[in-house]
Amino acid sequence: MPSGERDGSTAHEPAPGERRGTPDRLALILSGAVSLGSFEAGVLAEVLYVLDLLAGRGTPCILDVITGASAGSMTAALVGRAVMNDFADRALLHDAWVDRIDIRGLTKDMPGNAFLSKRPVEGIADDFLLARPLGTATRARFAPDTLRLSFTLSNMCGVDYAIPDRLSRGEAFTSTFFAERRRFTLDDAQARDLAQWRAIRNAAVASGSFPLAFPPSMVDAAKEAWPNCTTDPFPGQFCYVDGGVFNNEPIKEAVQLSLAADGGEIDDGRKFLLVDANLNRSAAMNFTSESSLLATAARLASIVEGEATANDWLRARRVNQEITWRDDLLARLRAMVESNTVADPEAFATELRQSAASIVAKKQELFPGRYPADYLQQSLDRTARRHAPVIEGLGPQRTAMLTTMIFVLNSIAGLDRKDELDIDVIYADPGQTAGDRLMSFGGFFNREWREFDFRLGRQKAYALLPKILGVEEGYPPERGPDGTDLYVNRVDYSNVDMKDADVAQRRILRDSAVAKVQAMSSGYLPGPKWLRFATGPITRWAVGRVIGKKVDELLEL
């Protein structure tokens, strides 16, 4: 029977009387994980199994939103294809993250602008997303009518926007933005469209282009997808790297797609599930002003990566708390509106309406094209529906007053169109996974480590999905074709070190990294050509010695 520690994952603890059953709809958020994509793939394998189990029992939970960052984007694409085309393809999660990718392939045919080759990643994407037959006859039993996918990206080119300056009478200043996302909508026809899957493939590969480790990716760009941008001329392609640089946990994007799927308001039966293998990690360290230039550059990279971790999760928790405070205030606001007499109610209602209109006008000015002309009335209608329990029973005039007050309050507090999220997370604690060595690249050195992490992911999910998806405790576990156990790890690899990895593979990576840095150093030597020619060999030798020593320490050679 599967076993898994409860440590390292959390599930929403229902309050007394709170609904605790199978949610109606599920939105998945898949973070970047590098080689710990094997852990996340294990979690997803179990989630898909349970969703199928529930659908077979007549209590389906529809998976209709998936967002991904970095390695999570490739996993999201694989899941989306299995759900919308052939559910048997969920087995490709194991093939992709355990069997198909390792350090041998990543160090072959390395490009000049990165330390590793992304050809193995592109090969997996081509074989599993493009080469297999497309057809929806065997799609998942919990497949939606429309699946919404989104991947985060970091645009190396940047896109310019004009930002209004309220002090300069209608003029604007230019600001360049680099964080992006690519969205895809898959209905029955689009799920069978090879061109659509090619676009998904390109975006997923680009989202996983870890800076410096993998080369950037060029992806087609159409100006219509960037409304109101001022970049001129607009390029036909942009250069992208890892989406996790700016947004490694795209929870906000999952909320936006869920709003679209739920008709503008988050459905009460909507569940959000974040899968993040690296969530519970400390990046704190001692650092001084005497640190070397190389150490400072490395630390800056880790700082940028760290800032992209847990931001959306913390924001979601903060919004949930703010909504609790607001709802407590609304009960008092209703009592005030109900019991107080306004000398000129029509004038007061007009003033409230004008305040609300000025808020909408400013939004329309800042974001042209995003808010339609009737957005105020749409917002008031939505507010009345969402807060009907607070508003009902008042007369027409007081209803209009309270509705407008709530809209203004929500707008000021940044809570308009925001609902309390039913969100859970599954992650691994430090020291539980084998692949988190070498900044989570360690799993690429050993297939058994990746298998260990994959099964650990299934164990974690098995322990938590009863509370997350409402399946019963101790539900029947999935078995292999011949009844084999798919959960238990016979060997504990949680305490491995890099020295336990194959020494030949570590040396290959060391030699390629040294050669790469030596070649780079030759291109930056100062002075005339004859001097660079004379000093080049000794410079490359010295650089090789220094870098080789550092890499040896990292790889424990």
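The structure is a predicted model, in which local features need pLDDT of at least 70 and side-chain atom pairs count only at pLDDT 80 or more, while totals for chains, interfaces and linings use all residues. Residues are numbered from 1 along each chain as its sequence is written, and side-chain values use heavy atoms, with hydrogens and water left out.

**Chain overview**

- The chain contains 17 helices and 9 strands, taken as DSSP runs (H or I of at least four residues for helices, E of at least two for strands) and numbered from the N terminus.
- Of the 557 residues in the chain, 49% are buried, that is, under 20% relative accessible area with a 1.4 Å probe and protein chains only.
- Among contacts (heavy atoms within 4.5 Å) with a separation of 6 or more, 78% are between residues 24 or more positions apart.
- Carbon and sulfur atoms contribute 54% of an accessible surface of about 26,700 Å², computed by the Shrake-Rupley method with a 1.4 Å probe.

**Strand β7 and its partners**

- Strand β7 (residues 237-242) is largely enclosed by the rest of the structure, because 5 of its 6 residues are buried.
- Strands count as paired if DSSP finds at least two bridges between them; β4 (residues 147-164) runs antiparallel to β7 and is joined to it by 3 bridges, with L153 bridged to D242 of β7.
- Strand β6 (residues 217-220) also pairs with β7 in the antiparallel sense, over 4 bridges, and D220 has Q237 of β7 as its bridge partner.

**Cavities**

- The structure holds 2 cavities of 30 Å³ or more; a cavity is a set of points on a 1 Å grid over the protein atoms alone where a 1.4 Å probe fits but cannot get out, and lining residues have an atom within 4 Å of a point.
- The largest cavity holds about 240 Å³ of space, and of its 16 lining residues A71, W97, I101, V121 and G208 are the closest to its centre.
- Helices α2 (71-84), α3 (92-99), α5 (119-130) and α6 (194-207) each give two or more residues to that lining, which divides into 13 nonpolar, 2 polar and 1 charged.
- The second largest cavity, of about 40 Å³, has a lining that includes L78, R81, D89, R90 and F128.
- Its lining draws two or more residues from each of α2 and α3, with the largest share, 4 residues, from α2.
- By class, the lining of the second largest cavity has 6 nonpolar, no polar and 3 charged residues.

Conventions
Buried means under 20% relative accessible area, exposed over 50%, partly exposed in between (1.4 Å probe, protein chains only). On a 1 Å grid over the protein atoms alone, a cavity is a set of points where a 1.4 Å probe fits but cannot get out, and a pocket is an open set with protein on both sides within 12 Å along at least five of seven lines; lining residues have an atom within 4 Å of a point. Grid points are joined across faces, edges and corners, and a volume is the space filled by probe spheres set on the points. Ala, Val, Leu, Ile, Met, Phe, Trp, Tyr, Cys and Pro count as nonpolar, Asp, Glu, Lys and Arg as charged, and the others, Gly among them, as polar.
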